[in-house]
Every structure is written in C-alpha cells, then in structure tokens.
Amino acid sequence: MSTKPKSRWASSAEDAEYEARQKKEKEEKRRKKAQKLQEEEEEKRKALQAAASQAAETNDNDDNDDAASSSSRPSKRRKLTPEPASNNSSATLLRFDVGTWKPSRSVDNYDKLNDIEEGTYGWVARATELATGRVVALKRLKLEAGDPNGLPVTGLREIQILKNCRHRNVVAMEEVVVGNDVSKPDNSIFLVLEFVEHDLKSILQDMPEPFLSSEVKRLLLQLTSGVAYLHQNYILHRDLKTSNLLLSNRGLLKIADFGMARYVGDPRPKLTQLVVTLWYRAPELLLGTRTYDAAVDMWSVGCIMGELITREPLLQGSNEVDQISKVFELCGVPTEDSWPGFRRLPNARSLRLPKQSPLASGSVIRARFPNLTAAGASLLNSLLALDPEKRPSAKEMLEHEYFRQDPKPKPESLFPTFPSKAGQERRRRHEPDAPVRGQAVALGDVDFSGIFQGRDKEERGAGFSLRMV
Amino acid sequence: MSSLLANPLATPSQLYRRASSATLPRDVDEAVYFATQCLTQAAGRLLQLPQSVTAQANVLLARFWLAESPMAHEFSDISAATIYLVSKLGPLPRSPRDVSNVYAYLSSANSALFPSGELPKDDPRAYYQTEADYYAFQQRMLGLEARILQSLSFDTQVSLPYPLAITYLQTLDFLSQPRTTVSLRTIQYLNTALLSPQMLYITLQPNALATAAIYNAARDLGAKMPEHEWWEVFDVDREELGFLVVAMRSVEGWMQKLKEDFPSFGNNMLKRSMVEDELHRRGLQVGNRDKTPRDEEDEVMRMMDSR
C-alpha cells in the first residue's frame with residue numbers, strides 16, 4: 001500500500017473500515033478471553049462475599065451459582081472516558097481489561113490440610129481457602145535468611161512467569177500470599193497454585209502395568225502443547241521431568257515447577273548452564289555450551305517419552321561424566337557429521353572418544369524400544385538427537401505422524417484414575433540420587449554475583465576424558 | 001498475552017484515596033515525586049542500565065507510591081530498591097554493591113546531579129562508604145524490595161510505550177520527517193512523561209502515551225499529520241489524546257515553577273528531613289513524625305544484631 005504518501009491517507013476510509021472490522025474480530029476474541037478471566041475473578045470475589053455473609057456454609061454449590069450468574073452479566077470494561085459520540089467515527093477502540101494492583105493477601109486466608117512434599121527445593125502443602133473451601137496447593141518460596149541479593153531471582157521469575165501463563169497444560173497460579181512478618185525482608189512467600197492430584201513420577205513408580213501406547217500419546221501431546229505454548233511465549237522451562245508433570249484425575253497433564261524457568265528475549269540474556277535435572281539434561285549442556293535454546297527442553301521431552309514407555313528414567317547417570325557416557329551409549333558417539341561444531345564446546349575439547357567404528361557410534365534407540373512403531377522410534381530418535389539443531393521444535397512435534405497413527409491418542413476422559421496419594425499422604429521423595437535440585441537452586445545466584453557457588457563440582461567435569469569400548 | 005502491550009492501571013478509587021489521605025500538601029508531594037524519579041533516572045545512567053530498565057523502575061515506584069505514603073521511607077532508598085529489583089529481573093542485573101555506590105555518590109557533595117555552580121572536583125572521600133554504611137543501605141534496600149513486591153502483589157511486569165512509538169512512527173512513515181529527528185523528539189516526550197507528577201504511566205496505557213508523544217513531536221517539528229483521526233487507528237480517542245498532549249507539554253513549565261517554589265530541593269539529594277523542614281516552615285504538622293525515630297532505632301538494633 002505504499003505508492004504515494006498522499007494516496008495512502010486518501011484511501012484510508014476503506015482502510016479504516018477494514019481495520020475496524022479486523023479489530024472488531026480481534027477485540028471480540030480478546031474480549032471473550034478477558035471475559036473468561038473476568039468471570040474467574042468475579043467468581044472468586046463473589047465466592048468471597050458469599051462466604052463472608054454466610055460464613056458457615058461454603059460448599060460447591062456456591063461456585064456453580066456464581067459461575068452461572070456471572071456469565072450472564074456483561075464483563076465490566078474499564079472506561080476512562082465516555083464512549084466517543086459516534087457522529088463521524090465508527091471505530092471501535094481496543095481496550096484491554098487490565099485490572100490494577102493491590103497488596104498481597106495473607107497466608108491466613110488458607111488453612112493447611114497436609115504436606116505434599118518437602119524437599120531440597122521447598123515445601124508444598126495442600127490447603128483450603130477458608131472463604132470458599134476450595135482446595136489449592138501452597139508452595140513456599142525458599143528464602144535464604146540474610147541473602148545478600150535479597151529475594152531469590154528464580155522465585156521472582158517463577159512468579160512472573162506463572163502470572164503470565166494461561167494454558168490448560170500449564171499449572172495455574174491464583175495469587176501470591178505472604179506471611180505475617182510484613183516488615184521483615186525474609187517474610188515467607190507462598191504461591192497459591194491449582195491443586196492437581198498426582199505427579200507423573202509417582203504414578204509411573206506405582207503402576208503395575210505400563211501406560212498403553214494410546215495413553216503415552218495423549219500424555220505426550222499434552223506435554224508438548226504446553227511446552228509449545230511456553231516456547232512461543234519466550235519461556236524456557238529448563239527442568240522438565242516426570243516429577244514436575246502433574247496429572248489430574250481427569251487425565252489432564254499440567255507442567256509445574258517453574259523454579260528454573262526464565263524468559264529469553266532479544267537480546268539474549270546470559271544463561272547459566274547449570275540447569276535441568278541431570279537425568280534429563282541435554283548433551284550440549286553437559287558439554288558446557290554457553291548458548292542454548294528451546295532444544296534443551298525438547299531433549300527433556302525425549303527423556304520423558306522414553307520414561308513413559310518403560311516406567312523407568314531413560315538415562316540415569318550418577319554424575320555428569322557418567323551421564324554423558326550414558327547418553328553416548330544410547331544415542332551414539334557424536335561426530336563432526338552428526339553434530340557439526342560439537343568439538344568447540346568447552347567440555348568437549350579434552351573429550352577422548354573411541355575410534356569411530358560405525359557399529360559403536362550409532363544410536364541404539366531402535367533396539368532399546370522394540371515395541372515402538374517406526375514413527376514412534378523416529379520421533380524419539382529426533383528428540384534425542386545429539387545436535388540440538390536437529391531436534392524438532394515443540395510445534396513441529398505436534399504435527400508428527402506418530403500421533404496420527406493407530407492407536408490414536410486416548411481421550412483424556414477415558415484415562416484410568418489412580419489412587420490419590422497427594423490427597424492424604426505425603427508424596428515420596430523422588431530420585432534420591434538425582435544430585436541436581438539442591439545444586440540447581442543455588443544456581444540462581446550464579447547469574448548475578450558471578451560467584452560460582454556449588455559450581456566446583458560441575459567444573460571438575462570440564463577436563464574429563466571418556467574412554468569407551 | 002496482553003501483558004506485553006498493556007499495564008494494570010490505577011483505579012479512580014485508588015487515586016481518590018491517595019489524594020484524600022495524603023500526608024503531604026499537594027505541591028510538596030509532587031516535588032518529592034519529581035525529585036525521586038529524577039534520582040532514579042540518574043542512578044540508571046550511572047549503573048549503565050538502558051532506559052527500558054530505568055523506566056520500569058520509575059513506573060514501579062509510581063505504582064508503589066499510589067498506596068504508600070512517600071514519607072514512610074527515605075526517598076533514595078525507595079528509588080534504589082525499585083531500580084535494583086527491576087535490574088535483577090531483567091537481562092542486566094546490578095549488584096547491591098554497585099547500587100549502593102551509585103546512591104552514595106549521588107548523595108555526596110561530588111554529585112554531578114546537583115551542580116553547585118562550579119565543576120565538581122572528584123573527591124572519592126566524599127562518597128566513600130564504610131562497610132557498615134553499605135550494610136545498612138543494603139538492609140534497607142532489601143527490606144524495601146520485599147515491601148514493594150508485597151504491595152504490588154508481586155506483579156513486576158511493566159509494558160513501556162517506546163517500542164510501540166517506534167512501530168507507530170514506522171506505520172506513519174515517520175511523518176515524512178528525518179527518522180532520527182522525529183524519533184528522538186518522540187522518545188524525549190516519553191522520557192519526560194515519566195517524571196510528570198500526573199503519574200501518566202500508571203493511569204494511561206502505553207499505546208496512548210506513544211500516540212500522544214508522536215503527536216507532540218509532530219507539532220514541534222511542524223510535520224504534517226494525516227487529516228483523519230489517525231490516533232483512532234492506535235486505539236486512542238480524542239479526549240485521551242488531548243489530555244495527554246497537554247499533560248506532556250506542561251511538564252517543562254511545571255518544572256520551571258518547581259525550581260522557583262522549592263529552590264532548596266534542587267541543591268541536594270532530597271531527603272525526608274528536608275521535606276519536614278519545609279513543612280515546618282509552613283507551620284504544618286509532619287504526618288508521621290512519631291514514626292521516624294522508631295525506624296532509626298530499629299535500624300540501629302538491626303545493625304547491632306548483625307555484628
């Protein structure tokens with residue numbers, strides 16, 4: 001439309017009309033979304049009010065009533081000015097439904113039911129909101145008293161990311177509540193998360209029979225669409241593993257624990273290599289790459305796929321060196337052909353690899369998973385490609401033939417239910433020998449202070465040599 | 001994700017509550033706001049942070065002060081806490097030590113922010129910080145960091161109008177002006193608007209700010225604007241635009257007046273004690289006089305505990 005400046009403005013009547021139409025459509029979409037949000041808010045607030053007035057009875061009926069009544073009401077839009085008198089302009093202006101800010105509420109609004117998990121990375125409990133009776137998961141941010149850098153940046157990132165994420169396969173955060181020592185810098189901070197009954201790790205450990213391949217497909221599809229959403233929004237999760245994947249009683253999978261996650265925008269921020277639990281860590285990270293991208297998450301997805309099929313973590317290394325040798329055993333030894341430039345990675349320089357014999361250097365994935373169809377094996381092979389460039393993106397993976405072949409992915413509603421553990425009892429500590437979590441949490445500091453605490457271990461891996469054969 | 005394009009905004013009731021429960025007379029309140037936002041900008045320059053980071057700190061401070069009285073904490077501490085927090089969350093984190101040094105320098109007699117007429121001679125002794133000074137500063141700053149986060153319910157996302165303004169200018173083909181000239185003028189208006197006591201960044205959306213800045217830049221440069229109501233393309237209505245155009249253009253004159261009304265405020269880094277003196281001069285009661293000494297005592301106790 002760039003011919004002459006004049007004509008552009010001249011023709012803008014039609015343009016405006018077109019634009020208005022487009023905007024209308026867009027706005028309609030946005031408004032629907034906003035309305036949904038609004039409804040949720042409304043529901044929450046109404047529920048609160050209802051509970052306040054009739055303090056004693058807080059039951060599920062309330063929720064339903066509110067949902068019904070609030071959906072019939074038009075969503076409130078913020079108006080700073082009255083609608084423009086529409087004498088000459090028919091333009092509908094885009095308005096976001098944004099809301100405002102208010103202080104965090106106190107944790108006293110919730111009543112703890114039982115601990116779900118208490119481990120190196122904090123504490124999660126099941127709780128009810130007193131006003132509504134709704135069950136939620138409370139996750140306390142781990143704060144170091146007297147940390148010279150103040151609140152941990154990993155925790156603040158987790159909050160910001162969860163606040164911005166809305167996807168059915170990503171765990172939803174409702175709010176952040178605080179303890180009562182408001183004036184103290186190390187006052188407790190709790191994330192109020194939606195409560196999901198199981199984590200995939202415990203289910204895998206306890207199930208007598210492995211998942212059917214139709215179930216594996218559905219779980220993978222859900223995981224991948226969640227990951228695709230994150231990557232599309234410039235978020236790297238950086239700690240995908242089965243214990244961070246939650247599964248509801250209705251077969252709905254949700255990605256949780258964003259303690260390692262961060263936004264990667266443009267310009268690319270400096271990223272730490274010390275991410276991802278060892279067993280799920282991509283080879284480029286193990287070799288000390290300084291630049292990495294969404295492909296590290298896709299490697300983890302590959303590991304999870306293998307684990308869903310066998311019920312056992314795929315690559316259980318005991319330390320970094322062992323991990324990388326397990327990776328090479330499964331996926332083959334990298335060559336300049338299969339992974340151009342890998343020799344330039346910091347930890348690969350001194351890497352001594354066995355003499356190339358085609359037999360030893362190839363991938364054995366196909367043999368490890370004899371029951372997988374050709375399409376399934378090719379997908380797993382591509383996810384576990386040593387060269388990050390060769391791994392599919394989450395979006396590409398969703399289109400993979402594997403998901404279209406029979407057996408088709410099983411509908412979520414037909415998923416079996418599992419005896420609830422998180423409901424009553426404490427979850428078992430996962431992966432006792434995974435060394436990473438504690439280490440990983442300390443990493444947050446690394447970005448900032450440049451003081452590499454807990455890094456010595458990692459660095460010892462730098463000069464390792466690997467002998468195979 | 002609308003959060004990339006829009007901000008949460010102050011509600012009319014919040015603004016009303018702030019105005020009605022103010023601890024300071026309006027002109028003093030505005031002077032404090034302006035001085036503190038300028039201080040943040042200066043600190044951002046010295047910390048070598050891009051304007052996109054410093055501007056976010058300005059906005060967070062405005063959000064925080066909507067609910068909290070400015071007199072509750074030392075102004076420079078709040079300024080430091082916001083800039084530290086924003087830089088920590090962004091791609092260019094700055095250490096508490098750096099922030100502390102910068103604020104120590106800015107408050108010293110050597111500070112280039114408050115020219116005393118002659119060129120400041122560089123005397124490091126003027127802004128040297130003892131370990132105890134640093135520790136006390138760091139404690140105050142980190143305490144405020146937590147405080148700010150809690151009162152904003154941990155929502156630190158700020159959408160700025162700068163990228164939108166450039167996109168809009170491209171759409172308008174830079175109004176047939178030299179690109180750098182018109183862009184620069186637009187950015188200048190946006191930067192100045194950060195300092196406006198009308199708190200434009202927490203009452204209006206980035207698209208409105210960007211559009212008004214372009215409008216003002218075009219007027220200044222005598223550029224020809226489209227004859228239609230082009231601002232509607234950017235989702236701004238005439239009334240909003242009109243308000244913002246005036247608000248942005250009036251900041252400069254308002255700053256002049258400020259200089260005349262509060263000659264002492266420009267000589268030093270503004271402190272609460274200076275504001276209290278001013279109130280005293282006017283024969284007004286200082287809102288929270290009884291609170292201040294207690295805070296200091298707390299501070300001393302905390303310092304002693306930590307030894």
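Which residue in E6(A) does Val178(A) stand opposite? I looked: Ile189(A) is the one facing Val178(A).

Before going on, I noted that this is a predicted model, where local features need pLDDT of at least 70, side-chain atom pairs count only at pLDDT 80 or more, and totals for chains, interfaces and linings use all residues. Residues are numbered from 1 along each chain as its sequence is written, while chains are lettered from A and ligands numbered from 1 in the order in which they are written.

**Chain A, strand E6**

Five of the six residues in E6(A) are buried, meaning 20 or more other C-beta atoms, placed from the backbone, within 10 Å of their own. I then checked its pairing (DSSP must find at least two bridges between two strands). E5(A), residues 173-178, runs antiparallel to E6(A) with five bridges. E4(A), residues 135-140, also pairs antiparallel with E6(A) over five bridges, and there Leu138(A) has Val192(A) as its bridge partner.

**Chain B, domains**

The contact takes 15 residues from domain 1 and ten from domain 2, counting residues whose C-beta atoms, placed from the backbone, lie within 7 Å. On the domain 1 side, H2(B) (26-46) and H3(B) (51-67) each supply at least two residues, and H3(B) gives the most, with eight.

Methods: Two residues are in contact if their C-beta atoms, placed from the backbone, lie within 7 Å. Helices (H or I, at least four residues) and strands (E, at least two) are DSSP runs, numbered from the N terminus. A residue is buried if 20 or more other C-beta atoms lie within 10 Å of its own, exposed if 12 or fewer, and partly exposed in between; C-beta atoms are placed from the backbone.
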